[in-house]
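Could you walk me through this model in the viewer, one selection at a time? I would like to know what to pick next and what is there.

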Amino acid sequence: MALSVSDLPTIYTLLTNSLSSDANVLKPATDALAQFESRPGFCSCLMEVITAKDLASQTDVRLMASVYFKNSVSRYWRNRRDSTGISSEEKLHLRQKLLSHLREEDYKIALTLAVLISKIARIDYPREWPDLLSVLAQQLQSADALTSHRICLILFRILKELSTKRLPYDQKTFAEIASQFFDYSWHLWQTDVQKILHGFSVLAQNASELHHDDIYLSCERWFLCSKIIRQLIISGFPSDANSIQEVQPVKKVCPVMLNAVQTFLPYYSSFQERHPKFWEFLKKACTKLLKILIAFQQKHPYSFGDQSVIGPVVDFCLSKITNPEPDVSSYEEILIQCMLMMKSVLECKEYKPFLTGRVMDDNQVSLQDMKKKLSSAIASFLSSLLPNEQVVLLCNILIRRYFVLTASDVEEWSQNPELFHHEQDSVLWSERLRPCAEALYIVLFENHSQLLGPVVVSILQEAMNGCPSSVTEISPQLLLKDAAYGAAAYVYYELSNYLSFKDWFNGALSVELTNDHPHMRIIHRKVALILGQWVSEIKDDTRRPVYCALIKLLQAGDLCVRLAASRSLYFHIEDANFSEQDFLDLLPICWDSCFKLVEEVQEFDSKVQVLNTISGLIARISEVIPHANKLVQFFQKAWEESSGESLLQIQLLTALNNFVTALGYQSPICYNMLMPILQSVINVNSADELLEDSLQLWETTLTHATSMAPQLLGYFPCLLEILDRSFDHLKVTASIIEGYIVLGGLEFLNMHAQTLAKILDLVVGNVNDKGLLSILPLVDVLVQCFPVEVPQLISTTIQKLIVICLSGGDDRDPSKTAVKTSTAAILARILVMNTNYLAQLTSEPSFLAHLQKAGFSNEESILLCLVDVWLERVDNVTSTQRKTFALALSIILTLRMSQVLDKLDQILSICTSVILGGNDELTEEESSSDNIQSTKMEVPSKELRRRQIKFSDPINQISLEHLLKDNLQTCAALHGELFNSAMSKMHPASFAQLKQALNMQ
């Protein structure tokens, strides 16, 4: 039943109660609102609460109403099958009501309404709400400061939402909006910026008559308008990198925006103390404008590359980076954006000369030729903007000014070395000045490596000469050396042509580590960084001293240095030239240092970093056994302390997986630690994000087990719960089941027969062909190992396999062909190893009824239908499957069906070719026999047991020759003269081969 005006008091009361801190009041209210939200009229009631004049002061209730309104729009605005949703009449009413309530005084409510209008626009614009943008634009012309701000907020939210639609029709619609709306928006932006500058001029004169609130609202509206301009140009025009179509608005907007930044900046220092509110706005505005310019450059590089645009921008950025005014030098955000802009320009591929040629005598100007011409022109202009002396100056300033640690950096490091490590090296580099400078330096060096290589080496030499390794004070010389070491570390690949690592290490880096003064942590951290970055340049005779240096750094007193050493050690472990021999005697102290570091660090990123080093080391070294006890104790403690931290547990599971693999067939020595962990992560209550790594560890444990441990045997039912949730990890699940079959044998089957049957029944028929190909080999192994017990146990699954085998399908699809072939081979094996079962199953009325439902007629025998499949597939199978088919076909000869004689020639032809081709199979079997002899001294394992099962396959033991002889005699006795008639129709050559195969005279 629809809600109406009479329900407003109830809705208001429920909204009020939903804000209560008393759970006894809050829960009934939220439950009742949840029931109401799907009823027609609910959104209209909420809209009345939001717009009611007598409730204007009750912002908390109105905000709650707007939140429920927004959520209802998300859930019910689109027509849904399971709900009546919101009627067309109510939608029309709500759209009109929303556009009549634009002057919302509370910002949070205004923002929520803007978001919900944008969500409605995503669905209804332009078909159901064609006048939305025109109405907003019209009202904007005559609106007061507050209303105009709210309209700009709504417009920005609408454009942001519409820009994310990806269908061609929607993109075309947005392009039309951009072409129609840009000029108006740009005019509004320019008008506002003039008002703001006038207001700032008056503020700077300390005028008291100025209405601060009005000017601030104009600032905020202008800021929204800037974001609107960005959205229109970024999403409303195709990238000129692809189209080579000049985007005129870029050339129009960028110089004006840059000028606005330059005009705003002089007010920066004067507003800081006198007008902090406007000072914060200035920071936000200048940063945003530069971010917009960067976005334009990246989306429309060729239009931005026009000399009137890129020239002033590059000059401005270089000026601010190399020679900032005193007040700007403390304004890190603008320096960061200038560095990001320069980095984006320097690494832009559209600004680099094309190296490709063109076809001779080709008079047509291709798109590629146009790009080449534009790129060459911009590259030439950039070279004039950045001559060699300017490049060298920029490089020097980045290293000598921006790489150098400040007093606040050193203090921050002292207070929290762990946090300092991650903030400097790991997290969003684009938000901090030094990492931005480093990123710009790397791109600059890559572009001008021949010019800057000698420059960086010269700075490095100067810094080392000016600060000997024996210093104990944090001096400018020490900080310059730290900066120079960083510069050399970041561009190791290009710098290796100008600097010998061996000489550098022996002459300076190793000497630095002899000074253990606490202040030397600054240099030691950079030495650790260099040893990791230059790993590819470290040759044989230097490798051992470098390993020793890293182990020494791993034992340093400072956490930041130790974390840097841990990461660099990981790079060496992962290096293809890692020398285990040189590292072997360092292992005990390395393990102890890593374990101690994991205990001491607090940050999640730190723990993960050290765990990666431990995990990599376990995977890389060949002798883990001597250190197994230490590692077992470490994993036990680390797992207990990781409770509730899923991401950390994922890293531990990966490390455990490597540990079990490294232990190999001695892995049972860690079972006391491993089994409780495994049990805790494979049960149905464990976190979903742990599932993949848990299954991987389970599989690895089984792969390296020497026998089926009682604990492992008890875990098998968890697989059914896992597969009940999802088939996402079916491949690894199939491998786990195989491990249980080959290791557990009859004991496993006796204990978990019903669970196994449920798993197969759950999977077969409910997964695609790829999934079936994972599970069918298991069914084959099961039938091979337990031919008497299994068929009856998995009868439902076998019935499904018969349906799959007999179903039609596209033979051009390799997956379907493989499924049909594997299924046919399993059914042939069942017939050979448990003939009575399959014969009985295929004649059961219930199964025949099941087949009829699946679309099969009862006119022909199921076994004869299978014969057709075996005859069809016999040429595309393995030698074992081929013999299985031949054995099954020979058994078919004993059926009391005259139709068998129609296929006699084909059956005998296949059996003959298998018998006469037996020498190839014998060679394979002899090879297998040799393999099994060579593994007699091996430790029992899943792999050994799998090979034993394959070697002892009953199919290989049965003599097809003898079976065929016996079954031909049975067939002759059953069919008499009809048999003789069928035999007489055989081709003489085929008959001769049959006599040869059966040694008939």
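**Stop 1: colour by confidence.** Keep in mind that this is a predicted model. The average pLDDT of the protein is 89, and 94% of the residues score at least 70. Now select residues 919-937, where the pLDDT is below 50. Beyond near neighbours in sequence, this stretch still has 13 contacts in the model. Where pLDDT is low, though, predicted coordinates should not be read in detail.

**Stop 2: a helix pair.** Next, select helix H21 (residues 407-415) together with helix H28 (residues 521-533). Their axes come within 12 Å and cross at roughly 85°. An angle from 65 to 115 degrees counts as roughly perpendicular, so H21 is roughly perpendicular to H28. To see the contact itself, show side chains for Val 410, Trp 413 and Ser 414 on H21, and for Arg 521, Ile 522 and Arg 525 on H28. By type, the residues of this contact are three nonpolar, one polar and two charged.

**Stop 3: a loop residue.** Move on to Glu 473, in the loop that links helix H24 (449-466) and helix H25 (476-490). Is Glu 473 buried or exposed? With a relative accessible area of 54%, Glu 473 is exposed, because exposed means over 50%. Leaving aside residues up to four places away in sequence, Glu 473 touches Leu 478 and His 519.

Methods. Residues are numbered from 1 along each chain as its sequence is written. This is a predicted model: local features need pLDDT of at least 70, side-chain atom pairs count only at pLDDT 80 or more; totals for chains, interfaces and linings use all residues. Side-chain values use heavy atoms; hydrogens and water are left out. Helices (H or I, at least four residues) and strands (E, at least two) are DSSP runs, numbered from the N terminus. Buried means under 20% relative accessible area, exposed over 50%, partly exposed in between (1.4 Å probe, protein chains only). Contact means heavy atoms within 4.5 Å. pLDDT is the predictor's confidence in each residue, from 0 to 100. Axes are lines fitted to C-alpha atoms, for helices over the stretch in contact, and angles run from 0 to 180 degrees between N-to-C directions. Angles under 35 degrees count as roughly parallel, over 145 as roughly antiparallel, 65 to 115 as roughly perpendicular and the rest as oblique. Ala, Val, Leu, Ile, Met, Phe, Trp, Tyr, Cys and Pro count as nonpolar, Asp, Glu, Lys and Arg as charged, and the others, Gly among them, as polar.
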